[in-house]
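Thanks, everyone, for making time this morning. Please have a look at the model on the screen before I start talking through it.

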Amino acid sequence: MSDAQDRGLSLVDRRKLLMGMAALPALSLLSTPVFGAGPPTSVVNTTGLAVTDTEVTVGILHSVTGTMAISETGSVQAEKLAIDQINAMGGVLGRKIKFVQEDGGSDWPTFAEKAKKLLVNDKCASVMGCWTSASRKAVLPVFEQYNGMLYYPTFYEGLEQSKNVIYTGQEATQQIIAGLDWVAKEKGAKTFYLLGSDYIWPRTSNKIARKHIENNMKTKVVGEEYFPLGHTQFNSVINKIKLTKPDVIYAIIVGGSNVAFYKQLKAAGIDLSKQTLLTISVTEDEIDGIGGENIAGAYACMKYFQSLNNENNKAFVTAFKKMWGEKTVIGDVTQAAYLGPWLWKATVEKANSFDVDKVAAASPGVEFKGAPEGYVRIHENHHLWSKTRVGRAKLDGQYELIFETANLVEPDPFPKGYQ
Amino acid sequence: MIINSRFFNRSELLGFLSLALLLFLILPLTLDIFRLNLVAKYLTYAFVAIGLVICWGYGGILSLGQGVFFGLGGYCMAMFLKLEASSVANTKIQSTPGIPDFMDWNQLTQLPFFWKPFHSLPFTLIAILLVPAIIAFIIGAAMFKRRVGGVYFAIITQAIAAILTILIVGQQGYIGGINGITDLRTLLGWDIRTDHAKFILYFVEVILLFGCICAAQFIRLTKLGRILVAMREQEDRVRFSGYSVANFKIFAFCVAAMLAAIGGAMFTLNVGFMSPSFVGIVPSIEMVIYTAVGGRMSIFGAVYGALLVSFAKTSLSESFPQLWLFGLGGLFIAVVLFFPNGLSGIWRDHVQRHVDRLLTLVKSRKRWSGRSIAVGAPAE
Amino acid sequence: MFGDYSVGDLGAIFAMQGFAGLILFSVYVLMALGLAIIFGQMGVINMAHGEFMILGAYVTWLTSSFVQSYVPSIFSGYFFIAMALAFVASGALGMLVEWALIRHLYKRPLDTLLATWGLSLILQQAYRSVFGAREVGVELPQWMLGSQQITDTIEVPINGIFVMVLTTLITVAVAYIMYRSRWGKQVRAVVQNRVMAGAVGINTEKVDRYTFGLGCGIAGIAGSAFTMIGSTGPTAGQLYIVDTFLVVVFGGAASLLGTIASAFTISQAQSTMEFFMSGSMAKVLTLLAIVAILMVRPQGLFALKVRK
C-alpha cells in the first residue's frame, strides 16, 4: 500500500476515495489488489488477533432471523459493502478484510454468546454489530472482558460510554434537541404529545425531549404514552391526540407498531400536511413497510437521508444499489453501519496497529471525509460528531431535506440537566 | 407400572452413569472453556425440562409458561448480583450512587423496597425457590381446584407469560425493562466472569443437576409418581378412589416451577445477565420442545433433549441461519408425529434391545425382566 | 383532563372513542372467528393461526402489486378480489395441513399445539425466504383511505367502517353455515358425538377437513383486512395469537355467541382503559382481568353443555 494510506484516511485525497468508490465494480473486475505489502504482522498485531500478513478478520454480528431481522438487514448490507470497497482499495494496512458473520437471532443472550465466539474463537480484530439497545447491553460486558472493539451503528439513548465501543449512530441529545428547536422556531410549536414504544430508547429519548421542552423551550407536554412492542391498535390514543390538539406529535414508535400507527393515524383523518408530526424512529427502511402515502408530510429528525445531495452520498447510493438491488432503500442506521468499517480502517492506519488498546486510544479525532452524511469525526467519548437534519417524508418513501444544523453537533451521552 | 424396589433399575443406572461420565469427564476434558460455558447454558434448560417431565410427562399438565418460573428464578439471582455490582464505588458517576444503573437512568433516587432483601444471599436463595413455588401454587390452586386442565391450562399459562413479559418491559425503572439486568460481575466478591469461575460454575451446575435428577427420580418412584401417571390416564377414576387430584397436580406444578427457577438462577450465573426474552411465550414453548425431544417420560431424555436441541440451535444458526427455523419447526412436527416418546422412545425401541443382548451375553446367568418397565409406559 | 373542553367536544370524543372500541371489537371477532371454529368445533389448537392470517395479508399484497402493474383499471376494486384469493389460499393450505398433520393428532390436543407451533415457525421462515425479512406495504385504493365526516367534530375512519361491515358479513355467513346449512349440522353433530355422527353416515374426515379449511380461510380474510390497519411481515402473525386465543377461551370454546360476546367485552375494556392510562398498563390489566375471570369461571362466558 502507498504511504499516504498508511498515514490514515484523513490524509487520503477525498476525490481519490470517491473515484475509488464509484469505480468499484470496474476495479474489482480489472485489477485485483495485491495484499501482503503492509507492515509485518508482528508489529501491528501484538495481542494475538486474527491478523496474518495478507488478511485480517472482522466480525459482523446482526440478527438475520427473528423480529429484528427486518431492521438489521440494511446494516449487514452496508457493512459488507464497506468491506468490499475497502478491499478493492487495497485493504487495511495491506491486508484484505475477511469477515465472519454471526446471527444474533433477535435474542440478546445469543448476541452475547456470539460476541464471545467472535472474540474468543475467531479473534476478530473488530466487530461491526448490534442494533437494539438490549443487544448492545448484552454484549458490552463481553467486549470489555475480552477487550474487543465494537462499532455500533444505531441511534440510541446515550447514558453509555466504553473504551471498547465506537458509537457511529447518534446518541439521544444529538437526535432530539436540534429537531425540537427547529420545530419550535419554524412551526411556533407550543404543545407536544410524546408517544413511544415501551422500552428504554423511546422512554429515555422522551425524557430528554420533555426536559428540553419544559425547561429550555418553556413550552408544554400535553401527553406522554407508551405501548407494548408489537401493539397494533392506536385508535384510543389517536382520540386522545384529537382531544388535546397538540401542535406537535412526537412519535418514537418502532417495528410493526409503526405501520399500524401511521395507517390508523391517516385513517382517523389526521392530515400530516397540517398536523406536525416529528419522529426519530422512522427511516426510509420503515417507510417501505408503512407506505409513503400513509406517512407523507411527517418530519423526521435524523443525521442522514438517502436523498442527501452530495457527491459522497451519490456514490454510496449507487454502489449500494448496485450491490443489493435497485429496490433497496437506505436509512439512517444503514449509513451509520457503513461508517463502521471505514472508521475502523482509518483508526487502524492512524494507530499503525490492529491492537484493540491502540485502536481505542487512537480513535478520538479520527475523521472520515467520505461519509455519505458528509463528514464525521470521532469524539473523545467515542461517539461521532455529526450534523442533525430534519427531513419531510414524501409520497415515494423518500425524505426531502428541510433543515440541517450549520455545524457538527457534539455528542453528549451523559447530558447534564437532562437526567 | 413402575414397580421396582431399587432406586434405579439397571437401564436407568446405565443412563445415570453414562450421563455422569459425559458431564463430569468427557465434556470438561474435550471442550474449551467457551464451549463448556455454552454447555452450562444448555444445561440450565435441562432443569426446566426435568420439571416438565414431572408435570407434563407424568402429570399430564402441559404448562406453556415455564419461562415465567425460569425468569423469576433468574431475576431473583440477577437482583442479588446486580446489587453487589452496584456498590457505591462502582457507580459513582451516577447521580445516585449505590443503586443499579438502570434505576438511575429512570430517575429513581432510592432502592425500591422489594429490592432491599436481595442484599442478602440466603434470602435470595430462598426466594429463588419460594417465589416461583408460591406463584405456581396460586395459579395451580385456582385452576386445578376448579378442574381446569389440558388445553385451557396451557393457554392460560401462556397468557401469564405474556403478562409478565409486558410488565417487566414496562417497568424498566424497577426491573430493567427490555434490556434486562445486565453487567453482573461478582458473587460475594468472587468474579464470575473469569474462565476459572465459569469452570467451577459448570461443575456446581452439574452437581445440582444430578441432585435434581435424583429428586425427580424419587418423586417418580414413590406412590406420588404412580398417582400422577394414573391421573394422567384416568383422572376421574383417581378422584373416585378418594385422592385429591387437585393437590397432586398443584404439587407437580410447583415442583416443575422450582426446577425451572433453579435453572433460571444458574442461567444468570453462567451467562451473566437476565432479560425478559426468557420469560415470554416463545422461550416457554421452546422449553417444552426440549422435553418432547428428549422424551416426555424420561428424566435423562430431558437432559439429552435440552443439550441436543440447544446444541443444534447454536451450530445450525452458526452455519445456516436461514435454515434454523425450518429445522426447529420440522423437529417439532417430527417429534409429535413420529416419535411421541422422543429420544428415549427411540432408544428403548431400537437400541436398548441390542444393549440388553450384549449385556446378557456378558452376564448370561442373570435374567432381566424385560425392557418396558425401564422408562415407563408410552403416553397413549 | 377534561376541564378545558366544551360539552360538544367531549361528546364527540366519546363518540369516537366508542367507535374505536367497536373497531377493536370487529378486529377481535375477525381474528377469533376462524380460531373459534377450529378450536371450538374440533378441539384443535392451531398455533399457526397467525401465520394463516399473514398468508392472507401476503396474498393481498401480491394481488395489489399484480393489479397495479398489469390491470390498473380495476385497482379501486382489487381488494375484494384479494380477499377472495386470500380465503382460497389460506383455506387450501389449511386443508393440506389438516390432511398431512392434524388428522393424525385428533386424540392428542396438546400435541397439535406443539406440531402447529412447529408449523408456524416453518411458515414464518418460508415467508421470510420468499418475501424478505422486511415488512411489505400494501397500497390501498384511494376510497379506502381517510375518514368519513359524520358531524363537524365526529370523524370515523373508513377502514374501520370497512372492517366492521366485513366482520358483520362474515359472522352472519358463518352463523348461517353453522346453524342453518346441512353441512353445519354435520359439523355440530361431529362435535357433539364423533362416533355417533360417523355411525349415521356422516363422513367425519371430510367434515374435519372442510371445517379446518373454513377456519383457516377466515383467518386469511382477516389477514387481508388487517393490511389496512396493521403491518405485514413474516412475524406479524405472532402479535395476534395470544389475544386471539384469549378471546376464544374467554368466550367459551364451543360457542360462536360466546366468542362475539367476549370480543366485545375485551375490546371495550381495553379501549376504555387505554383512554385513561398508558397502552402498556391497559394491556396488562386487561389480560390479568381475563385470566382472573377464567380462574373463577374456567368454562368461559358461554359454555356448551355437552354430556361427556
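What you see is a predicted model, in which local features need pLDDT of at least 70 and side-chain atom pairs count only at pLDDT 80 or more, while totals for chains, interfaces and linings use all residues. Residues are numbered from 1 along each chain as its sequence is written, and chains are lettered from A and ligands numbered from 1 in the order in which they are written.

The model scores ipTM 0.82 and pTM 0.84. Within chain C, confidence is lowest in strand β1 (residues 147–149), with a mean of 76, and highest in helix α3 (residues 78–100), at 93; helices (H or I, at least four residues) and strands (E, at least two) are DSSP runs, numbered from the N terminus.

Turning to the interface, 35 residues of chain B are in contact with 32 residues of chain C, where contact requires that the C-beta atoms of two residues, placed from the backbone, lie within 7 Å. On the chain B side, α5 (121–144), α6 (150–170), α12 (281–294) and α14 (324–337) each supply at least two residues, and α6(B) gives the most, with 14 residues.

Now the helix pair: how do α2 (residues 49–70) and α9 (residues 238–251) of chain C cross? Their axes come within 8 Å and cross at roughly 125°, the axes being lines fitted to C-alpha atoms, for helices over the stretch in contact, and the angles running from 0 to 180 degrees between N-to-C directions. That makes α2(C) oblique to α9(C), since angles under 35 degrees count as roughly parallel, over 145 as roughly antiparallel, 65 to 115 as roughly perpendicular and the rest as oblique. In this pair, His49(C), Gly50(C) and Met53(C) of α2(C) meet Gln238(C), Tyr240(C), Ile241(C) and Thr244(C) of α9(C).

Lastly, chain A is divided into domain 1 (3–170 + 308–386) and domain 2 (172–302 + 391–404), with bounds that come from an automatic or database domain assignment. The C-alpha centres of these two domains of chain A lie 31 Å apart, and their contact takes 18 residues from domain 1 and 16 residues from domain 2.

Key. pLDDT = per-residue confidence, 0-100.
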